Amino acid sequence: MVTSYPFNVPRLVIAAPSSGSGKTTVATGLMAAFSERGLAVSPHKAGPDYIDPGYHALATGRPGRNLDAFMCGPELVAPLFAHGAAGCDLAVVEGVMGLYDGAAGRGELASTAQVAKLLRAPVVLVVDASSQSRSVAALVHGFASFDPQVRLGGVILNKVGSDRHEVMLREALEEAGMPVLGVLRRAPQVATPSRHLGLVPVAERHTDALASVAALAAQVRAGCDLDALMALARTAPPLDCEAWSPDRASPAVEARGSGGGAPGNGAAPADLSGAPGRRPVVAVAGGPAFTFSYAEHTELLTAAGAEVVTFDPLRDEALPPGTTGLVIGGGFPEVYAPELSANEPLRAAVAAFAAAGGPVAAECAGLLYLGRSLDDKPMCGVLDADARMSERLTLGYREAVAVSDSALAPAGTRLRGHEFHRTVIEPGAGAAPAWGFTHPERRVEGFVQQGVHASYLHTHWAAEPSVARRFAEAAAARR
């Protein structure tokens, strides 16, 4: 379905002066509180983060979607937003870092401010007020005036200590002419546990996460003016954009026999969706150890003609029946290394699939799972490489070019992505590397061998839908 334009849905961007101010608390609480009112709420996250959208999905019952202007380009932000928000009553976008923080050395690129401008959305600033009173007015004034194109519609004060503290903060902001749309007291009982890469994902604590989201909704409902926030959301003007569509971006591919040609050879696509039993089966790793994925990846594979089936490497002892393609995305295999290692039947099945030339796309956690070992625990042994935890956090956007032809992309394909891990793998690249990074540093990384493409780099396939189409074609050729 193509969403007509101009496209209009009430929307808010939840931002903050810096990380740790309470954006996730407020954004998730608002999503849940408005959902409890019976509204269809579309959840979004600025930037590449995978974990927060899991909580957003829990709060709204809809897929949490990322809006990343670096990986997908500014031109796709509004269309991807319109795709996710179609038919909804309200959209809430959680920002990333501080309001004006973006890709290092790239000005406003990938900042919350840029996303807000691309969406023509009012911004609500969440301020950690725990160590200030009248100075809050100067802080908010600076953020409101820094970029006149960013419309700051109000403030939610977080971690307010007392009634007297609230009065002082409100008086200061009244002088500055800035509406206070909510006041949240310090509430450790709704805190969400964190570890080395941020919040613990929903899939690892589903029952507790449900309770956390309910508590956040109650806190926001009690402390925020939901009617005023909805009124502000309705001031967002229409967007002159056409909604992104996986069906247009990744048309179905033709199923081939073993002699049907190389993936990506440009043969005319044929829709497989109407041919029972003929769709190539792409198995996608899920469960607590593999929680990092973008909703659009599955949508693109499905649009390309694949039947996407999720499996859990912690519990399933075999790949899904008929598997002809395998996607192992990001997550926390280091937390579950003993359990993953103990599942010897599945490790053997993955190794056999790869040895037979089956197409495998592995990102970050998937890379570690395909290696010989992770923290001295045996893994699948597809790659002659060993991984271990590290004290060093590797984090940042990357510009990359495909070094070797693979089931994902021909050599020379340029993509943008990001790295986010506290592990190292040795060696860091195989004889045929996956990517050559061109910015911010120059190095090769990852492995391409037979049908396997394994790398630390997280990518967003909406930026280059041919990746999904090529992979689906490679899976179809294995039937």
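The model is predicted: local features need pLDDT of at least 70, side-chain atom pairs count only at pLDDT 80 or more, and totals for chains, interfaces and linings use all residues. Residues are numbered from 1 along each chain as its sequence is written, and side-chain values use heavy atoms, with hydrogens and water left out.

## A covered strand

Helices (H or I, at least four residues) and strands (E, at least two) are DSSP runs, numbered from the N terminus. Start with strand β4, residues 90–94. Here 5 of its 5 residues are buried. Buried means under 20% relative accessible area, exposed means over 50%, and partly exposed lies in between (1.4 Å probe, protein chains only). In a regular strand the side chains alternate between the two faces of the sheet. In β4, L90, V92 and E94 are on one side, A91 and V93 are on the other, and both faces are covered.

Which strands run parallel to β4? Strand β1 (residues 11–15) does, joined to β4 by 4 bridges. Strand β2 (residues 41–46) also runs parallel to β4, with 5 bridges. Two strands pair if DSSP finds at least two bridges between them. R11 stands opposite A91, and H44 stands opposite V93.

## Aromatic pairs

Rings of Phe, Tyr and Trp (its six-membered ring) pair if their centres lie within 6.5 Å; planes under 30 degrees apart count as stacked, over 60 as edge-to-face and the rest as tilted. The count comes to 8 aromatic pairs. One of them joins F7 and F81: it is edge-to-face, at 6.3 Å centre to centre with 85° between the planes. F7 lies in the segment before β1 and F81 in helix α3 (residues 74–85), so the pair ties together parts 74 residues apart in sequence. F7 counts as buried because its relative accessibility is 6%. F81 is buried too, at 0%.

Y50 and Y294 are stacked, because their ring centres are 4.4 Å apart and their planes are at 20°. Y50 lies in the loop between β2 and α2 (51–60), and Y294 in the loop between β10 (281–285) and α10 (295–303), so this pair ties together parts 244 residues apart in sequence. Both are buried. Ring pairs link Y50, F292, Y294 and F332 into a cluster.

## A pocket

A pocket is an open set of points on a 1 Å grid over the protein atoms alone, where a 1.4 Å probe fits, with protein on both sides within 12 Å along at least five of seven lines; lining residues have an atom within 4 Å of a point. The second largest pocket is lined by 41 residues, and F290, T291, F292, S293 and Y294 lie nearest its centre. Elements that each supply at least two lining residues include α2, β10 and α10.

Most residues other than glycine have a negative phi, and most peptide bonds are trans.

| Spot | Feature | Value |
|---|---|---|
| E426 and P427 | cis peptide bond | omega about -5° |
| H439 to P440 | cis peptide bond | omega near 5° |
| M97 | positive phi | phi near 50° |
| R120 | positive phi | phi near 55° |

P427 is in the loop between β17 (414–426) and β18 (435–439). P440 is in the loop between β18 and β19 (443–445). M97 counts as partly exposed, at 35% relative accessibility. R120 is also partly exposed, at 42%.
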